Structures are given as C-alpha cells and as structure tokens.
Amino acid sequence: MYERQVEYFKDDYVVITWDVPLHGLSIPYKEFSYEIAARDLNSILLQESIGKVCLIGMSMGGYPSQMFAYLYPEKVQCFVGIDTTPFRTEYYSRSDLWWLSKVKTMAKWFTDKTLRKSMAKSVAVTDYSYNKMIEMLKPMSKEQIIEQMDIAYGKLASEIRDIDLNCPVLILLGDKDKTGKVKQYCAEWAKKMVILYIS
C-alpha cells in the first residue's frame, strides 16, 4: 500500500511497513483488539531496536497507531492520520457508534464481487490505486473481508476510549474522501488539536 512512499523516504529514514492485524500476512489473527495490536507493534519495534517513531496510519491503521501513542507516549515523535478518525468518544454520537457496530450485517448484503468493487471504488481515484486495492483483497474470502470490516468498525465502536495524543498530529484528508462522516470527524479533530497545542 505504501510502496511509493517507501521508495521516496527509504534513503533518509528507517521505514517499517507492517501488516496491521487481519491484513496481508497478519491473517489469521485471533482475539483482536486495538490495544493488543498496539502492543504487537511495540514488539516489532523492540525487535528492530527502534526507540522513537513517527506513526503513519491510514483508515483502520490510524486506530492502533493512536492506541500505541497512548500506551507508549515516550516512543512517539509524531502521528500522521490519513483518512482516519479520532479514537475519542466525544466525536461520535450514539447513533454513529450503533451504525458502526452494524457494518458486518450490512456488508453481508453485498455479493462478493460487488463488495470488492465498492471497497476499491470508495478508496481510489486513479486506476493504480483501484487495482492496488483489488490486488490486496484478492487473497481474501468474502467472509475474511467482512470480518476485517467488522473488526475495523465494530471494534472501534466497542473499544473506543478517550485517548489523548501528546505529540504533534498531522491530519490528512483526501478531498475526494466521501466515506461516512470521516470529513466531519477530521474537521472537528483538527480544531481541537490546534486548540490543544496553542493553549
């Protein structure tokens, strides 16, 4: 997913890309929680002898990154959130959390082919990105894709807590991103983060 970014940064930085649980080679993954995922990320960093990191998380990947920053604040230089949302209860209404908990049920209504195409279309503007997403989904069954979606959104709804990020935060949102209320959450998040760092 980050192959072009890795190519750009690899000469100046140590770049680690990991398969977030339930993605790529991190399938299967039992007893998922965002806290466990953050602790697994810490294990990787310990193994690689890396003491300080700049975390970059896109979509679901933003949640274990925020949890990591909460659990290990001394290890985090900064966090870059790409088309992700804050891991804090204040941003989400009860209705928002209820709908997030029903993603699994709604995803089952799609045929396998339609589910894959709709996911790729929802995250891609260019042919390169669309084909990359289709390629990433190819090894997974429909059931695995739905499980991944349920973990990403259903777990967010059940595990969300009030996490404070005590590091610089850069929130990036694609101008073509129309996913749910991501734009609204990011706008509110950005306002509160600016206030936090100014005061």
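Two strands pair if DSSP finds at least two bridges between them. I also noted that helices (H or I, at least four residues) and strands (E, at least two) are DSSP runs, numbered from the N terminus.

**Entry 1: ground rules.** I'm working from a predicted model, so I kept in mind that local features need pLDDT of at least 70, side-chain atom pairs count only at pLDDT 80 or more, and totals for chains, interfaces and linings use all residues. Residues are numbered from 1 along each chain as its sequence is written, and side-chain values use heavy atoms, with hydrogens and water left out.

**Entry 2: confidence.** I looked up pLDDT, the predictor's confidence in each residue, from 0 to 100. The protein chain has a mean of 85, with 97% of its residues at 70 or more. Residues 195-199 stay under 50, and the model gives them five contacts (heavy atoms within 4.5 Å) beyond four places in sequence. Where pLDDT is low, the predicted coordinates should not be read in detail.

**Entry 3: the sheet.** I traced an open sheet of three strands, ordered β1-β2-β3, with parallel pairing. β1 (53-58) and β3 (169-172) are at the edges with a single partner strand each, so one side of each has no neighbour in the sheet. On average, neighbouring strands are turned by 15° against each other, direction ignored. Between β2 (residues 76-82) and β3 I found four bridges, and the two run parallel. Which residue of β3 does Ile82 stand opposite? Leu172 is the one.

**Entry 4: α3 and its neighbours.** I followed helix α3 (residues 62-71) across β1 and β2; α3 runs at about 150° to β1. For angles, axes are lines fitted to C-alpha atoms, for helices over the stretch in contact, and values run from 0 to 180 degrees between N-to-C directions. Helix α2 (residues 34-47) packs on α3 at about 75°, the axes being 8 Å apart. That is why α2 and α3 are called roughly perpendicular (65 to 115 degrees; under 35 is roughly parallel, over 145 roughly antiparallel, the rest oblique). From α2, residues including Tyr34, Leu41 and Leu45 meet α3 residues, among them Tyr63, Met67 and Phe68. I sorted this contact into 10 nonpolar, one polar and two charged residues. Here Ala, Val, Leu, Ile, Met, Phe, Trp, Tyr, Cys and Pro count as nonpolar, Asp, Glu, Lys and Arg as charged, and the others, Gly among them, as polar.

Entry 5: I checked α6 (residues 112-123) against α7 (residues 127-137): they pack at about 140°, axes 9 Å apart. This makes α6 oblique to α7. Their crossing is right-handed (near helix turned clockwise from the far one by less than a right angle; anticlockwise is left-handed). Arg116 and Met119 are among the α6 residues that meet α7, where Tyr130 and Leu137 are among the partners. The tally is seven nonpolar, no polar and three charged.

Against helix α8 (residues 142-159), α6 packs at about 45°, with axes 10 Å apart. Again α6 is oblique, this time to α8. I noted a left-handed crossing here. Asp112, Leu115, Arg116 and Met119 in α6 meet Lys142, Ile145, Ile146 and Met149 in α8. By class, that is five nonpolar, no polar and three charged residues.
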